[in-house]
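This briefing covers one protein model, grouped by topic. Please look over the sequence and the coordinates first.

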Amino acid sequence: MNSLDLIVFFIYIGGIALFGGSFFKKSRTSSSYTMGNNDIPGWVVTMSIFATFVSSISYLALPGNAYQSNWNALAFSLSLPIASLIAVKYFVPLYRKINSPSAYTYMEQRFGAWARIYVSLCYLLTQLMRIGTILYLLALTLNAIVGWDMVTIIIFTGLVVSIYSMLGGITAVLWTDAIQGIILIFGAVVCVGFILFNMPEGPGQVFQIAAENDKFGLGSFSLSLTEPTFWVVLVYGIFINLQNYGIDQNYVQRYMASKSDKEARKSALIGGLIYLPISAVFLFIGTSLFAYYHSAATLPVELQDINKSDSVFPHFIVNALPAGITGLMIASIFAAGMSTISTSFNSSATVFLTDYYNKYFKKTASDKEGMRVLYISSAIISVIGIVIAIAMINVKSALDAWWKLSSIFSGGMLGLLLLGLFSKTKNVKGALIGVLVGILVIVWMSLSGTLFGEDSLGASFHTYLTIVFGTAAIFLVGFLISIFNKKTDEIYEN
């Protein structure tokens, strides 16, 4: 990496930090910090939702996944149109009507304070793992390119993002997300063009080599539940994306920051749909890199270990791209990561203030006190995220690690939301029992292999299905108990 690349990279980092911090005056109250000032353009919210989907997990791990295997991960993206349409019809109107900065106010209204605590804790755990995974991937990239110490990179990146997200609040997060979303799309397209037109036999060679090695396959279409088949990944994607749209603070804050109900629905729909073609571009980069390196006489030593697939794209960036373009690509990767991290910082701090401090410590806190809580909680979250990122160094695949961890830590909280939406009664008892059963299912599926061996029943299901079974258990148990209670009440009345 030469001086031109470093200049491009540091200009980007400094520019984003200064731009985000410039919204400081617009975020001096806890309300403006968490929900904005109702003056954010619709396209900014749309691009911010898209950028929230796209992180370093997508930008690095998707190419690595396609390089290592095939396009099986596209099944996840194919679930987005389904989730987007459901969100527009049910979730966005619900949260706009409640008009709260927290996604979890509805849970308390529906089932009581315990439900709010449960889902908000699940959310915070998931966000901490997400922050850690993304910081790790950013460090992996810069370490491969310039050889800097990964721990130092993780700490530096975490601090930079936390500072500008704290200064500018949700307004800074949305605007920087929008800019970073544009940059990362541009960087991905430039990379694809470079690979295609630098193949020894022209662009067609990429498709020839990929076809010969079945790199465009979507995975097995068998009905096995033990492997990440197309159907397993698709079902996982439907559940995790419904969870994102339905009960993830990151998305709900964007609904609330929109100028109107119509703008909120439009942003939710388009922001999610944009991810589908862009994720295909990321996967195509991985497939193209496979063809690019396998068309050479000798595969680079660094890429001979297939288990280090997350390093493929960074290796290509530093060794193949011309000066200036390398700097742009690094900026694109950091754009993807920084947008998601800043979102997680702001939303997690909002949850801590709204769902904990204002509820259980000081209900009538002044704006000054509220801002202090937001700053302190953001700082604590950034420190924990940095520690998790350091602990993730040397994982086999960041994409697999993130999907498995998010499936476990999400706690099946989508099931509780669906129960609230589709159960006609308050059904607190059913909801509580459903959650307890759901937690037991998640623990059983997560620990069966370790405690009882790989041949045990729990270990026979793929980890991606943890969220599916956990959600289904909460919803079905709660719904059946509500029906039973209703029939019991009718008998007593008669």
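Ala178 is found in helix H9 (residues 150-196); helices (H or I, at least four residues) and strands (E, at least two) are DSSP runs numbered from the N terminus. The model is predicted: local features need pLDDT of at least 70, side-chain atom pairs count only at pLDDT 80 or more, and totals for chains, interfaces and linings use all residues. Residues are numbered from 1 along each chain as its sequence is written, and side-chain values use heavy atoms, with hydrogens and water left out.

- Ala178 has a relative accessible area of 0% and is therefore buried; buried means under 20% relative accessible area, exposed over 50%, and partly exposed in between (1.4 Å probe, protein chains only).
- Not counting residues up to four places away in sequence, Ala178 touches Trp43, Val44 and Met47, where contact means heavy atoms within 4.5 Å.

**Overall composition**

- The protein has 20 helices and zero strands.
- Of its 494 residues, 58% count as buried.
- Among contacts in the protein with a separation of 6 or more, 86% come from residues 24 or more positions apart.

**Packing of H10 and H13**

- Two packed helices are described by the angle between their axes and the distance between the axes.
- Helix H10 (residues 204-212) packs with helix H13 (residues 261-294) at an angle of about 90 degrees, and their axes are 8 Å apart.
- Axes here are lines fitted to C-alpha atoms, for helices over the stretch in contact, and angles run from 0 to 180 degrees between N-to-C directions.
- H10 and H13 are therefore roughly perpendicular to each other; angles under 35 degrees count as roughly parallel, over 145 as roughly antiparallel, 65 to 115 as roughly perpendicular and the rest as oblique.
- H10 contributes Val206, Phe207, Ile209 and Ala210 to the contact, and H13 contributes Phe284, Thr287, Ser288, Phe290 and Ala291.
- These contact residues divide into seven nonpolar, two polar and no charged.
- In that division, Ala, Val, Leu, Ile, Met, Phe, Trp, Tyr, Cys and Pro count as nonpolar, Asp, Glu, Lys and Arg as charged, and the others, Gly among them, as polar.

**Aromatic pairs**

- Rings of Phe, Tyr and Trp (its six-membered ring) pair if their centres lie within 6.5 Å; planes under 30 degrees apart count as stacked, over 60 as edge-to-face and the rest as tilted.
- The count by this rule is 26 aromatic pairs.
- Trp43 and Trp175 form an edge-to-face pair, 5.8 Å centre to centre with 90 degrees between the planes.
- This pair links distant parts of the chain, since Trp43 is in helix H3 (residues 42-53) and Trp175 is in helix H9, 132 residues apart.
- Trp43 is partly exposed at 45% relative accessibility, and Trp175 is partly exposed at 23%.
- The rings of Tyr292 and Tyr293 have centres 5.2 Å apart and planes at 90 degrees, so this pair is edge-to-face.
- Tyr293 is buried, with a relative accessible area of 6%.
- Phe53, Tyr245, Tyr251 and Tyr275 are linked into a cluster by ring pairs.

- Trp71 is placed in the loop between helix H4 (56-68) and helix H5 (74-78), and Trp71 is buried at a relative accessible area of 12%.
- Leaving aside neighbours within four places in sequence, the contacts of Trp71 include Lys215, Phe216, Leu283, Phe284 and Thr287.
- Trp71 and Gly286 are 215 residues apart in sequence and 9.3 Å apart in space, C-alpha to C-alpha.
- Asn244 lies in helix H11 (residues 230-247) and is buried, with a relative accessible area of 14%.
- Asn244 is in contact with Phe53 and Tyr251, leaving aside its neighbours within four places in sequence.

**Positive phi and cysteines**

- Asn99, in the loop between helix H6 (80-98) and helix H7 (105-111), has phi near 60 degrees, a positive value in a residue other than glycine.
- Asp214, in the loop between H10 and H11, has phi near 55 degrees, also positive in a residue other than glycine.
- Asn99 counts as exposed at 52% relative accessibility, and Asp214 counts as exposed at 52%.
- A search of the whole structure finds zero disulfides, a disulfide being a pair of cysteine sulfur atoms within 2.5 Å.
- Cys122 is buried at 7% relative accessible area, and Cys191 is buried at 1%.
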